[in-house]
Amino acid sequence: MHGLMMDAPLLISGILEYAAKYHRDTEIVSRNEDSSLNRYGYAEAAQRTRKLANALSRLNVTAGDRISTLAWNNHRHFEMYFGVPGVGLVLHTVNPRLFPEQLVFILNDAQSRYLFADACFAPLVKGLRPHLPQLRGVVFMCDRAHMPEGFPDALCYEDLLAPESDLYDWPQFDERMASGMCYTSGTTGNPKGVLYSHRSTVLHAMGVNQPGLFGIAPGECVLPVVPMFHVNAWCVPYAAAQVGAKLVLPGPRLDGPGLLEVIHGEKVSIGAGVPTIWLNLLNHADQAGQSIAPMSRVVIGGAACPQTLIERFNAHKALTVHAWGMTETSPLGSISVLSDHHGSLPPAERMKLQLKQGRAPFGIEMRISGPDGKPLPWDGVSRGELEVRGPWIASGYYNNADRSQFTADGWFRTGDISTIDAEGFMNIVDRSKDVIKSGGEWISSIELENVAMSHPAVLEAAVIARADSRWSERPRYLIVLREGKTLSGPELKAFIAPHVASWWIPEDMIIVKELPHTGTGKVMKAALREQYGAEVHPEAVKLTL
Ligand code: ADP
């Protein structure tokens, strides 16, 4: 027997209209390219988004067409987040940091019809345009005065909106229709398109907003430093609008001073971003002797959160919330939020839990599987591939028949190797392609990196597998030193020895100037293995004399 309840579709346009109605004047503050700030309330944001909706309806597009953006976190991008899916088109956010060949591949694979770009990306657009035969137009997201030169056919965002009415009747359609699209970073081959739906996005925003997770609520002020071009900025724009929280969009200024300025000026209470961004912020704040208050909650994900980062935020009286996710998981898959009873644990035990990637929020199920595909126990020790399922997890890739990342019983295989303890705290030990198999046993590069990164001389550390004639693979440290610091092999060994099993300790390290990062801030381990993975390397320094 079916229930007798209304079947109202969960649509993204509904989130914006809700915010406009109940949180009219709550601000969205956005950093412009010239560093000035734009500010308006949700009501005005909705008015402009309705104008955008009217303008989009006049473009040469049909429902379901992909509209791409190349843009920083700013108010026009926010309007695109709601306007494009709202009218029934698909918002395809593109990461401008990817290599040009990848951008061409992504835009063509998505069959993008229009490209909306910040004016600062004009040189990039110029290079891409001749390779995008399916594209019907370029729109620069600025006013007439800031239109880049050399684009006679390009449209101007503000000119498009100006003549339009701010009334628009959002169409009601099946909530399972596609709303957004984001490509994986392609660290494992060509990027693959993940296609979100209205339903998955609204449910994910509600999932993120469950009490105690990101902490987004009315009265809070959220700063998504995580880019809007990557996995919906972790859904923060949607989640903030859903509860009427103030939103600060930092534009292109992601440096320490730029972030600290808006944190203080706008009274940011919650930040969300990858570890590297926060390290830059803390380095700046500490050097300048400034506090990061009122920011008191920092959501960290995208890469493992190092212990030093949690400790440094603790020193600033800010709570670190460590989360895990992927493009395919919208992205929230798990989050390390402690329960009341963890309060009585010794600080070192609590830290161990915070360093884990945490428990699945309601809505997501997770399990770990061994090489034979059989589920492994939740004992905190057994390691297997993490698999997830739920209403905001991808069920396939766009325009790609490859099913290798999906199990026969419908779970998504993440490619992350992890443990799950008896309380359900999941801990990523490695990506399956980065794991080090030494004599048939697994060594976690993440754990070794984490320990090394708490050494005062170390700025960044990566651990890769090097060839080994006896053990087949052994770990090798690649270390970037802090300015003016030195570190000997035995010093590093003495520092890490108390924290890891003795057979995990690498035999050598290589001091490098910097580590290569992907467009989404992850260390490019495959490139490092190629360069430094030989058994004997001339620059390797032994950890024992
Ligand atoms: P891609 O998979 O294309 O590299 P994503 O941004 O989707 O790009 O990256 C997802 C991956 O990032 C995860 O599979 C995991 O390996 C890593 N990751 C994300 N969050 C964390 C975290 N908190 N700790 C460790 N690894 C993480």
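A nitrogen atom of the ligand sits 2.8 Å from an N or O atom in the side chain of Gln357, a polar contact in the sense of a pair of N or O atoms within 3.5 Å. An oxygen atom of the ligand lies 3.0 Å from an N or O atom in the side chain of Arg431, and a polar side-chain atom of Lys522 is 3.2 Å from an oxygen atom of the ligand. On its own the ligand has 560 Å² of accessible area, and the protein covers 95% of it; such areas come from the Shrake-Rupley method with a 1.4 Å probe.

Before going on, please keep in mind that this is a predicted model, in which local features need pLDDT of at least 70 and side-chain atom pairs count only at pLDDT 80 or more, while totals for chains, interfaces and linings use all residues. Residues are numbered from 1 along each chain as its sequence is written, and side-chain values use heavy atoms, with hydrogens and water left out.

The ligand is surrounded by 18 residues, the closest being Ser185, Ala323, Thr327, Gln357 and Asp416; a residue counts as near if one of its heavy atoms lies within 4 Å. By type, the shell has five nonpolar, 10 polar and three charged residues, where Ala, Val, Leu, Ile, Met, Phe, Trp, Tyr, Cys and Pro are nonpolar, Asp, Glu, Lys and Arg are charged, and the others, Gly among them, are polar. Strand β14 (residues 319-325) supplies the largest share of the shell, four residues. Strands (E, at least two residues) and helices (H or I, at least four) are DSSP runs numbered from the N terminus.

Another cis peptide bond links Ala293 and Pro294, with omega of about 5°; Pro294 belongs to the loop between α10 (275-287) and β13 (297-300).

Now for the open sheet, whose seven strands run in the order β7-β6-β5-β3-β4-β8-β9 with mixed pairing; two strands pair if DSSP finds at least two bridges between them. Because β7 (155-156) and β9 (193-197) stand at the edges with a single partner strand each, one side of each has no neighbour in the sheet. Elsewhere, β3 (residues 66-70) and β4 (residues 90-93) pair in the parallel sense over four bridges, and Ser68 stands opposite His92 in β4.

Definitions and conventions
Polar contact = N/O pair within 3.5 Å; in protein donor to acceptor, adjacent residues only side chain to side chain.
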